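Subject: Structure handover

Hello,

Here is the structure you will be working with. Please open it beside this message and read the two together.

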Amino acid sequence: MIERFLKQTTFTSVEDYNKNLEFIIPENFNFAYDVMDVWAEEAPEKLAILWTNDQGEEIRTTYGELKEQTDQAASYLQSLGIGKNDPVMLILKRRYEWWVVMLALCKIGAIVIPATHMLTKHDIVYRNTRASVKAIICVDDSYVVSQIQAAMDESPTVKQYIAITDHGKPIPDGFHDWQTEWKQAPKFVRPAFVNTNNDTMLMYFTSGTSGEPKMVAHDYLYAMGHLSTGVFWHNLHEGSLHLTVADTGWGKAVWGKFYGQWFAGATVFVFDHEKFNADTLLRQMEKYKVTSFCAPPTIYRFMIREDLSKYDLSSLEYCCTAGEALNPAVFDKLKEKIGLNIMEGFGQTETTMTLGTFPWMMPKPGSMGIPNAQYDIDLIRADGTPCEDGEKGEIVVRVGDRKPIGLFKEYYRDPELTREAWHDGLYHTGDMAWRDEDGYYWFEGRIDDVIKSSGYRIGPFEVESALMTHPAVVECAITGVPDDIRGMVVKATVVLGKEWKDKAGDDLVKELQQHVKKETAPYKYPRIVEFVDELPKTISGKIRRVEIRQKDAEK
């Protein structure tokens, strides 16, 4: 498959990859037709999806069967008046139908807007209004349905509401019945014209660590940009059974459960569950013999606290992480327990993977890796000049005459916000890092999160990594607190392991402070330590340091 889209398909070194990665870009590329339907023709019996849930149900779907299902779904959506350029919001958790609908919408040229099931009425109205959403397809969850119904009167652009229910359940008022209706649609006829490469295929609302979410619009080549994500970063092949832990409502789902995995011809493994439990997840990996795994660092933190010797993970070949920076202590513990490295990657809702640790290079624990050759990555100072090795700066993408494959088109309907982030030939990520002499990048934090104390610039991640090496700490967030003398002082908000919770107090505060002084430069130690049961996070699971700062300001 990938030989259709790359001039060279295998690489043996960083130099080889950087020199020879070159995409073959078809005219009017469409992932559903040009990748998935081709697999269905060439390998119809090959397993595309292995879906299971916490109730023990299973669905195994071949590439041939998936083509039939997506054609049927595309015809059904057309019968409801949905077509080219129509924005359609999906709130489907990890229901099997999410994969079918995503491909069906691609086949008719509609704009898909994946969304999380945690949205409130306000969130739904905001998205419907800003994006002129025409249809909502949702899981039949009482909370989700109630919030959508509450938003109906304030969502005039939405013409169709479609619920995917379990068989036999009543259909919510105002909704179409997916399970009954989609099978009755006529035979699908591919539209005469579906898309150009520049048309908008997908939009995500960012998770909003501060302010209202932005609408990130991606074109049809965004899917191709994830070829390197699945084939080269995840190191997938046709025999892979890949599991990425991610909710379908945010960008990591298409990083790890969709585009890149199917470019590789792998089988996407899905575990649909209501509540995360490390033991349950590990039992699923053991039962189904998962070969490739990707999850945010938070998941790994809970996994390594289990007795991994209880699980047969011998089928596991490869581990990756993204979503936030990986603490070296977590890397080291997993390596010690199961003998595998965690290969880190970095990107944003606005990009595919821009930095990563690839199979032909040795990972450095805590490093994001090197630039992905499809992007021209650099670090710049506040004045726009390039940083030297070892110097902290903002990660930027240098954009020449042609937009890199995978970089977003724009912030939809917000040219001013687009210009703020993308100007003078640079896309500004807003993330800080430094580069070592070997070209590896090391994450420091968001620009707004960097703490300036007594003339020092302290990145939250370096202090968090030091704290994470203490056995008491499950998770932590480092923020700055205003101080009359130092300008700001470092504060640690800490979630303790269950066996340490009854030890929370002054003695443990001092122990953690001394621990940080030993692990990193002493001036970085947290002068304030607060113990909490959980950290505030966005709906996509990222720590909201801004919320911690706001609460401290109110105090």
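Predicted model: local features only at pLDDT ≥ 70, side-chain atom pairs only at ≥ 80, totals over all residues.

Residues are numbered from 1 along each chain as its sequence is written, and side-chain values use heavy atoms, with hydrogens and water left out.

Cavities

A cavity is a set of points, on a 1 Å grid over the protein atoms alone, where a 1.4 Å probe fits but cannot get out. Points are joined across faces, edges and corners, and the volume is the space filled by probe spheres set on them. There are five cavities of 30 Å³ or more, and the largest cavity holds about 60 Å³. Its lining (residues with an atom within 4 Å of a point) includes Phe-31, Met-201, Phe-258 and Tyr-259. Helix H4 (residues 97-108) gives the most to this lining, with four residues. Helices (H or I, at least four residues) and strands (E, at least two) are DSSP runs, numbered from the N terminus. The lining has 10 nonpolar residues, no polar and no charged. Here Ala, Val, Leu, Ile, Met, Phe, Trp, Tyr, Cys and Pro count as nonpolar, Asp, Glu, Lys and Arg as charged, and the others, Gly among them, as polar.

Asp-86

Asp-86 is in the loop between helix H3 (63-79) and strand S3 (87-91). Why does Asp-86 count as buried? Because its relative accessibility is 15%, and buried means under 20% relative accessible area (1.4 Å probe, protein chains only). Leaving aside neighbours within four places in sequence, Asp-86 is in contact (heavy atoms within 4.5 Å) with Gly-81, Ala-110, Ile-111 and Lys-134.

Helix H5

In helix H5 (residues 121-131), the buried residues include Ile-124, Tyr-126 and Arg-127. Among the elements that cover the buried residues of H5 are S3, strand S4 (111-114) and helix H6 (142-151). Just after H5, Ser-132 takes a positive phi of about 50 degrees.

A three-stranded sheet

An open sheet has the order S25-S26-S27, with mixed pairing; two strands pair if DSSP finds at least two bridges between them. Strand S25 (473-483) and strand S27 (528-532) are the edge strands, each pairing on one side only. Strand S26 (residues 487-496) runs parallel to S27, and five bridges join them.

Regards

How values were computed. 1 Å grid on protein atoms, 1.4 Å probe; cavity = no way out; pocket = protein on both sides within 12 Å on 5 of 7 lines; lining within 4 Å. Buried < 20%, exposed > 50% of the residue type's maximum accessible area, 1.4 Å probe, protein only.
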